[in-house]
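Grab a pencil and open the model in your viewer. Here are a few exercises, each with a worked solution to check yourself against.

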Amino acid sequence: MDLTGPPDANRALDGIPGPLWDQVSLARARLLMLDHDGTLAPFETDRARAVAPRSTRELLQRIAESGRTRLVVVSGRPVRDLAALLEPVRLTFVGEHGWEVSAPGERVVRHPLPRGVASRLERAARLARAAGLTAHLERKRSSIAVHTRGLDAEGAAHVTSGAALAWSPLLDRAPLRLVPFDGGLELRARGRDKGTAARELLAREPAGTLAVHVGDDTTDEDVFEALGETGFGVRVGGPGAPTRARAWLRNPDQVARFLETWLELTTRERRHGA
Ligand SMILES: [Mg+2]
């Protein structure tokens, strides 16, 4: 058996223990899931400009085409945003925290929203606009968010507390929940999250598939939990954050190097012998 660990050039990825690389190398089938913002793409104040470097997109393309790994980007963004930001990479996208899925060559699957969600989100949008939050709003099919990236701490607190107050009448027994994330606050439909999507993706892979998820936010913890013993989570942002992930990477640059190593380990010929 060939237990080799990472190539020398990538030893600086000290958040990924050698035994995890061995699992990647030896797995018979692999599912690699990645978050987008803060993971593949560095954060930008203007969210439309949060684009992964070309070299990262090329790596994704090569991993997807290698036939050795099922590659999926799992994000809170709608799938149409993901497809545009990651152009021309063609792979499976899970958008809106699991409410929509788009696979290459297939129609986008949009899971039906629980009763009452659409009308409550409409009302949430009106309430947020009335509270003066229009510039920070993002309306999605399954949620509404206020974004605070680029604001100072006081400005950010003003926006998130304003939204929480405006939306408070919608939370009582409603099929909605408030979820803070790194860079804002989101009012989301209950019933699905990134973890739900990860379980469904894994169920479609062969038994014994190694599942790995790389993500930087609290919403990624749902996936880390879903993976259980079938794989491992990689939390982006360095060591120290409380997490269910078993490994970490500092930033999107390290994620790119992680992908490079992944491609190399999963596509090279196995050496046999002693
Ligand atoms: Mg993220």
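**Exercise 1.** Work out how many residue pairs are in polar contact between domain 1 and domain 2, and which classes of residue domain 1 brings to the boundary.

*Solution.* Keep in mind that this is a predicted model. Start with the pairs: 8 of them are in polar contact between domain 1 and domain 2, with both residues at pLDDT 80 or more. Next, sort the side of domain 1 that touches domain 2: you get 11 charged, 6 polar and 3 nonpolar residues. Then look for salt bridges; the count between the two domains is 1.

**Exercise 2.** Find out where the domains lie in the chain and what area is buried between them.

*Solution.* First the bounds: domain 1 takes in 8-111 + 192-267, and domain 2 covers 117-189. Their centres, taken over C-alpha atoms, are 27 Å apart. Now the contacts: 20 residues of domain 1 meet 16 residues of domain 2. Finally the area: about 1300 Å² is buried between domain 1 and domain 2, with carbon and sulfur atoms giving 45% of that.

**Exercise 3.** Identify the protein donors of the magnesium ion, then decide whether Asp35 and Asp37 are buried or exposed.

*Solution.* Go to the ion and list its protein donors: Asp35 (OD), Asp37 (O) and Asp216 (OD), at 2.1 to 2.2 Å. Along the sequence, the donor residues follow the spacing D-x1-D-x178-D. For the last step, the cut-off for buried is under 20% relative accessible area. Asp35 has 5%, so Asp35 is buried. Asp37 has 16%, so Asp37 is buried too.

Technical notes. Residues numbered from 1 in each chain as written. Predicted model: local features only at pLDDT ≥ 70, side-chain atom pairs only at ≥ 80, totals over all residues. Heavy atoms only, no water. Donors = N, O, S within 2.8 Å, 3.2 Å for Na, K, Ca; no water. Buried < 20%, exposed > 50% of the residue type's maximum accessible area, 1.4 Å probe, protein only. Domains from an automatic or database assignment. Contact = heavy atoms within 4.5 Å. Buried area = accessible area lost by both parts, 1.4 Å probe. Salt bridge = Lys/Arg side-chain N within 4 Å of Asp/Glu carboxyl O. Polar contact = N/O pair within 3.5 Å; in protein donor to acceptor, adjacent residues only side chain to side chain. Nonpolar A, V, L, I, M, F, W, Y, C, P; charged D, E, K, R; others polar.
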